[in-house]
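Thanks, everyone. I'll walk through one model today and keep it short.

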Amino acid sequence: METQVWSSYALAIFALLLLSKFLLQKKLKLPPGPKPWPIIGNLNLMGTLPHRSLHQLSNKHGPLMQLWFGSMPVVVGSSVDMARIFLKTMDLNFVGRPKTAAGKYTTFNYSDITWSPYGPYWRQARRMCLMELFSSKRLDSYEYIRTEELNSLLKGLYNSCGKEILLKDYLSTLSLNVIGRMVLGKNYMQESNGNDTVVAPEEFKKMLEELFLLNGVLNIGDYIKWVDFLDLQGYVKRMKVLSKKLNKFLETVLDEHEDMRRRAVIENDESGKKKVKDMVDVLLDLAEDPNLEVKLERHGVKAFTQDLLAGGTESSASIAEWAISEILKKPEIFKKATEELDRVIGKNRWIEEKDVSNLPYIRAIIKETMRLHPVAPMLVPRTAREDCKVDGYDIKKGTMVLVNVWAIGRDPDLWDEPNEFNPDRFIGKDIDLKGHDFELLPFGSGRRMCPGYALGLKEIETSVSNLLHGFNWRLPGNMTPEDLEMEESFGLSTPKKIPLTTVVEPRLPLELYSVL
Ligand code: HEM
């Protein structure tokens with residue numbers, strides 16, 4: 001009997017709560033959007049590629065739209081004006097990140113840069129990026145690493161001339177080796193002196209792919225809290241497995257670095273040159289700094305290191321693969337690109353980083369690739385830190401905010417024939433990739449904009465230009481450009497679903513390949 005009374009009380013309270021929530025929302029003027037279902041909200045409308053599902057919905061409901069992922073309100077901006085409001089005009093209010101299982105389990109409880117909440121810790125992290133990790137002086141000091149690793153990729157391709165190759169394998173090895181040496185000081189993924197590797201390169205690449213995927217998935221438990229413990233999609237289990245592997249790797253890296261620092265070893269790097277300070281050294285220096293506003297703990301150093309490795313690996317490889325795939329579909333673009341390369345660089349040398357500013361057509365190819373295939377099609381989710389009004393609509397504190405840069409990149413009001421790959425649209429136009437031009441935002445904009453964009457761009461520009469300069473490209477067998485699939489697979493990044501298989505032939509005098 002007593003139980004019955006209690007359950008009626010509980011029911012009445014629950015009904016009252018629901019009613020008050022309903023009345024409150026009635027009073028608020030929320031952005032338009034699809035009607036939510038009880039419990040799941042609008043999760044049923046999300047397909048396997050959420051940026052495409054949201055693009056379709058915004059065509060119906062407008063460039064500012066609100067939906068519900070379970071009980072979480074989600075606002076989506078899909079126009080230049082909305083991007084400018086969220087990322088510039090009201091950036092400070094939308095600079096938060098949502099608390100997700102991915103942030104908790106895969107980034108040492110939100111202690112990395114990407115998922116850490118807005119506050120002194122994150123602000124200090126951004127200062128470290130600006131002043132220490134990505135200063136132009138530091139990036140310049142690593143140029144020799146980028147050049148050596150790119151040469152090794154070009155040599156590898158030359159050795160595979162005439163054979164079918166999976167281009168992404170070469171590209172992700174390049175970015176992993178570059179970022180590995182810059183961040184960790186040596187390549188932990190390569191066998192050295194006959195010793196065992198700490199982790200095999202293929203295994204490490206898989207770990208990073210898994211990290212990107214798990215950081216981009218719609219994990220139901222994040223949005224319907226009371227089913228969280230069931231881990232219905234099995235993602236949380238995968239996150240925990242992955243975080244153990246990453247932690248083991250990062251512990252080894254830190255132990256070795258600390259050991260060398262104790263012994264004050266001044267090492268030579270793999271090419272025999274005096275070792276330049278790597279990014280882990282810089283982070284360990286910072287961790288010892290008594291004047292830091294917020295102490296950088298060991299788990300913070302591991303989380304930052306992981307962010308740098310992840311940010312620097314998958315993105316550039318994925319963009320370069322998209323660029324070559326688009327060019328294979330349109331041979332006339334290859335012709336124009338090589339005309340520019342032959343005119344500006346000539347056929348007797350490779351392209352260096354400083355040459356790229358003289359190659360407007362190549363840079364246009366890269367912009368066009370990032371317009372159609374932004375690595376993070378909805379950037380990284382943000383949250384509203386306070387209640388506010390946008391375009392006359394109420395947005396509640398805690399609302400998740402997505403800026404659909406993929407949709408903006410295909411907006412027919414901004415771009416002629418938006419689905420066509422046409423680099424010429426950028427020639428003579430002053431549109432850059434640095435977050436100033438809101439129609440093209442592959443690195444985001446504002447306070448949370450990608451801190452690694454300069455490094456990412458350098459890698460993409462020099463690799464794509466040298467790939468086009470050094471080789472003629474064709475599709476294998478009887479495959480025609482129309483047969484080439486251009487589907488995406490989803491995660492925090494959006495790589496090609498079916499990796500590109502291609503065949504290369506040398507385009508330059510043969511002696512140039514022997515000096516690599
Ligand atoms: C190569 C191409 C790259 C692309 C297209 C890219 C894109 C992005 C995007 C879209 C964001 C989210 C911005 C936002 O929320 O508004 C981001 C954040 C971030 N990126 Fe990149 N990125 C690239 C390279 C890199 C590199 C090389 C690194 C580091 C080595 C890096 C490290 C980060 C970090 C740490 C954040 C989080 C920033 C924060 O939340 O404060 N990225 N990136």
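First, a term. Helices (H or I, at least four residues) and strands (E, at least two) are DSSP runs, numbered from the N terminus.

Two points on what you are looking at. This is a predicted model: local features need pLDDT of at least 70, side-chain atom pairs count only at pLDDT 80 or more, and totals for chains, interfaces and linings use all residues. Residues are numbered from 1 along each chain as its sequence is written.

Now the whole chain. It has 18 helices and nine strands. Its radius of gyration, taken over C-alpha atoms, is 24 Å, close to the 24 Å from the globule rule for 516 residues, so the chain is as compact as a globular protein of that length. That rule is 2.2 Å times the number of residues to the power 0.38. Along the principal axes, the C-alpha atoms fill a box of roughly 90 × 60 × 40 Å.

Next, burial. A residue is buried if 20 or more other C-beta atoms lie within 10 Å of its own, exposed if 12 or fewer, and partly exposed in between; C-beta atoms are placed from the backbone. Buried residues make up 42% of the 516 residues.

And contacts. Two residues are in contact if their C-beta atoms, placed from the backbone, lie within 7 Å. Take the contacts between residues at least 6 apart in sequence: 74% of them join residues at least 24 apart.

On to the ligand. Which residues come nearest to it? Of the 24 residues around the ligand, they are Gly-311, Gly-444, Cys-450, Gly-452 and Gly-456. Here, near means a C-beta atom, placed from the backbone, within 6 Å of the molecule or strand in question. Helix 13 (298-329) gives the most to this shell, with six residues. Helix 13 and helix 17 (453-470) each supply at least two. By class, the shell has 13 nonpolar, eight polar and three charged residues. For those classes, Ala, Val, Leu, Ile, Met, Phe, Trp, Tyr, Cys and Pro count as nonpolar, Asp, Glu, Lys and Arg as charged, and the others, Gly among them, as polar.

The unreviewed UniProt entry annotates Cys-450 as "binding site". UniProt positions are given in the numbering used here, feature names are shortened, and annotations may be inferred rather than shown by experiment. Cys-450 lies in the loop between helix 16 (405-409) and helix 17. Is Cys-450 buried or exposed? Buried, because 26 C-beta neighbours lie inside 10 Å. Not counting residues up to four places away in sequence, Cys-450 touches Phe-443 and Gly-444.

Glu-417 is exposed, with 9 other C-beta atoms within 10 Å. Its phi is positive, about 35°, although Glu-417 is not a glycine. Most residues other than glycine have a negative phi. Back to Asp-231: its phi is near 45°, again positive in a residue other than glycine. With 17 C-beta neighbours inside 10 Å, Asp-231 counts as partly exposed.

Now helix 2 (residues 50-61). The expected span of a helix is 1.5 Å times one less than its number of residues. For the twelve residues of helix 2 that gives 16 Å, and the end C-alpha atoms are 16 Å apart, which agrees. Its buried residues are Pro-50, His-51, Leu-54, His-55, Leu-57 and Ser-58. An α-helix has 3.6 residues a turn, so residues three or four places apart point the same way. What covers the buried residues of helix 2? The cover includes strand 1 (64-69), strand 2 (72-77), strand 7 (400-403) and helix 16. Just after helix 2, Gly-62 takes a positive phi of about 110°.

Last stop, Ser-78. Ser-78 sits in the loop between strand 2 and helix 3 (80-89). Ser-78 counts as buried, with 27 C-beta neighbours inside 10 Å. Beyond its neighbours within four places in sequence, Ser-78 is in contact with His-55, Ser-58, Pro-63, Asn-404, Ala-407 and Ile-408.

That's it from me. Over to you.
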